[in-house]
Amino acid sequence: MGSVEENSSGRGARQDGRGGAREGGRVGGRKKRPIIRVRNVHKIYKMGTEVVRALDGVTLDIQRNEFVAVMGSSGSGKSTLMNLLGCLDRASKGVYELNGKRTDKMGAGELARIRNEEIGFVFQSFELLPRETALKNVQLALLYSRQRFWGSRGAARRALQHVGLGDRVGHRPNQMSGGQRQRVAIARALVNRPSILLADEPTGNLDSTTGAEIMGLFHELHEDGQTIVMVTHEEDIAGHADRIVRLCDGKVETDYPRDEDPIHIDYIKRSVDMARERAAAHVEHDDAVEAEEAAR
Amino acid sequence: MIVRLLTQTVFFALGQMWANKVRALLTTLGIVIGVFAITATIAAAGGLKGFVLDEFSKFGATKVFIWGNRPDELRDKLSWTDVKIKTREARDLREHSQYLTRLSMVASHRVTVRYQDRVKSGVSVTGIEPDWHEIEQRLVQDGRQFTETDDSEQLQVCLINEMAIEELRLDGGGIGKKIFLNNRRFVVVGVVETKEMSAMFGGGEARSEIFVPFSTMYKLRDWLWTSVVASMESPEVAEEAKAEIRFILRKARQLPADWPDTFDMFQMTQAVDNFNSMAGVMGMAAAVLVSISLLVGGVGIMNIMLVSVSERTREIGLRKALGARPAVILVQFLVEAVILCLAGGVIGLVVGQALMVLAQGSGGKLMENAEIPMWAIVLSFGFSGGVGVFFGMWPAVKAARLDPIEALRHE
């Protein structure tokens, strides 16, 4: 997918970010901001006279190349948080910074662009256009981007190859299995090289074998440097993630795996590194934030 | 980027239509009928108008008839002899009028014609002057015209038409033959073209006609009802010519200022104007009917677009999640509505054209000029596109305003 990156050379911030992910990350000691920075976010709905606090002061940082699972019972606010992180919705109060850009002041058009460029969505029910081929479905995401016209076919084809569907390019969703459909959806999510991959119950409609395959793909993407945020209610699926955020009543209940969480082996290998690095990053970042706020 | 988006949108819309062929066809039926009605109306009106104007121009659009008239209030003061157009007045017109290029006195009468042993009664004889041929567009196809000597000497020469040759059985074309009109011997000097007179002006069947020099007519009858036929330089000067003729004739007749005209005239252009204003009224009525049918068609489009928006709510949500701005969604649904309408327009045009070809083949004289002009094609496309935009707007706005979260949750 190297050539796609060349296409995006106009987007300086993106390029920097990606470079940072590769050089920095866990290895280098380079200074970096979290890719997702949520500060004291509230989301309040009014249902008639009743006020529903879907999110009640959530603060969350997600670093580049983290693989985070968001869990919680229904009504815990995880869907709301997901919509917020995906820029499908705006917070009632609080700050949400994505890749250094504050999204809470953006209009609908700007948010649409952020969704297109920064976020790749994977849905529980795939959301493919039934009459279009896999290739066309992937190209749909490029349709709304500012990428070049003639590149879109090739980019879509490469994205499909990347998820292991190089030979299913011309198939329609009804000619594919559930796992293949979800792979098409993942290819579509990735084709714009988003900063984060947002997956909402990505295995919810799949049997456990296929679900495990999809998780395998997520691991590969994660190895390649992709930041992944995944909402799930299945404990064993959440166990694939490095970090589990549990929400309850609109608040973060616990962050990082609890003792009883099924921790993926991968996490154990990396957790020491990550914790150390995160501590350093938090200090630096909080300094920067304080300086910013003082200046304001 | 916009071009790409539009092309993709158009192709996607075509794909949607193809996937719902029957539905699309039924939906566009209203537009099909609307566009068909537009083109059929325009073509039929054009055909009728072409037919009528053709008839008028056969008759001669620059032609003016001038004849004596006795207004009711002057009944006891003037006789018909007083008011008929006289040679002197015709000469005044010929000399002083700027707008009349040709002028001929005319007088006609029915006589009994005899050639050898063949007798035919009630044949029309018309006294004419040489200009008559140009005015009526009936030239001498064989032989010669009348000369000034024919007129001044009241020579007994005549022109005939082919029907007369046939009916009197004049062998060898008739020139030089001697025929008897009311027992006076006339020499045939030429053959006048038979003009196909339109059914509108009482023609249709060819009749025997004989022409003699105007002054020679007085040898056939003592009292003649004389009038003038003339041609203007162009149909555009009709009003000026009319005023001028009135001025010259009133002066020649020295009519007191409080007297009405003792003559009357008829210009073909008046008839054309009358017809045009009538056609305009008919056109307006047709336009109203056509608008109603397009309105009905448009409501059908709006209905199906609303269905489409609610059917495809999840797709809209997905597109929004993938970064489609509201305006893009709006354009997408607008394009779909417009394409539906344009498809209806194309079908309507094809049906209209097919029926037009049939009508031309079998509709007889009235419809042989009927055709769908280019501007009507453009107009119907414009209208159907406009209907698409107008009636597609609300569903498209509805789609654009959908909340992506709600849309993705929609079942």
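User: Which helix of chain B gives the most to the nonpolar patch?
Analyst: Helix 12 of chain B, residues 326-362, with four residues. Keep in mind that this is a predicted model.

User: Which residues form that nonpolar patch?
Analyst: L25(B), I347(B), V351(B), L355(B) and L358(B). They sit on the surface and have about 420 Å² of accessible area together. I347(B), for one, is found in helix 12 of chain B.

User: OK, switching to charge. Which residues gather in the patch of negative charge?
Analyst: E233(B), E239(B), E240(B) and D273(B), again on the surface. D273(B) is in helix 10 of chain B, which covers residues 268-311.

User: Now the two chains. How many residues of chain B are in contact with chain A?
Analyst: 25 residues of chain B are in contact with 25 residues of chain A. The area buried between the chains is about 2300 Å². Carbon and sulfur atoms give 63% of that area.

User: How many salt bridges go across that interface?
Analyst: The rule finds one. The side chains of R314(B) and E127(A) meet at 2.3 Å, N to O.

User: And how many over all chains?
Analyst: A search of the whole structure finds 32. One of the salt bridges joins the side chains of R37(A) and E97(A), at 3.1 Å, N to O.

User: What does that pair tie together?
Analyst: Parts of chain A that are 60 residues apart in sequence, because R37(A) lies in strand 1 (residues 36-47) and E97(A) in strand 4 (residues 93-98).

Note on methods
Residues numbered from 1 in each chain as written. Chains lettered and ligands numbered in written order. Predicted model: local features only at pLDDT ≥ 70, side-chain atom pairs only at ≥ 80, totals over all residues. Heavy atoms only, no water. Patch = residues over 30% accessible without salt bridge, like charges linked within 9 Å, V, L, I, M, F, W, Y side chains within 5 Å. Areas by Shrake-Rupley, 256 points an atom, 1.4 Å probe, with all protein chains shown as cover. Salt bridge = Lys/Arg side-chain N within 4 Å of Asp/Glu carboxyl O. Lys, Arg positive; Asp, Glu negative; His and termini not counted. Charge placed at Lys NZ, Arg CZ, Asp CG, Glu CD. Helix = DSSP H or I, 4+ residues; strand = E, 2+ residues; numbered from the N terminus. Contact = heavy atoms within 4.5 Å. Buried area = accessible area lost by both parts, 1.4 Å probe.
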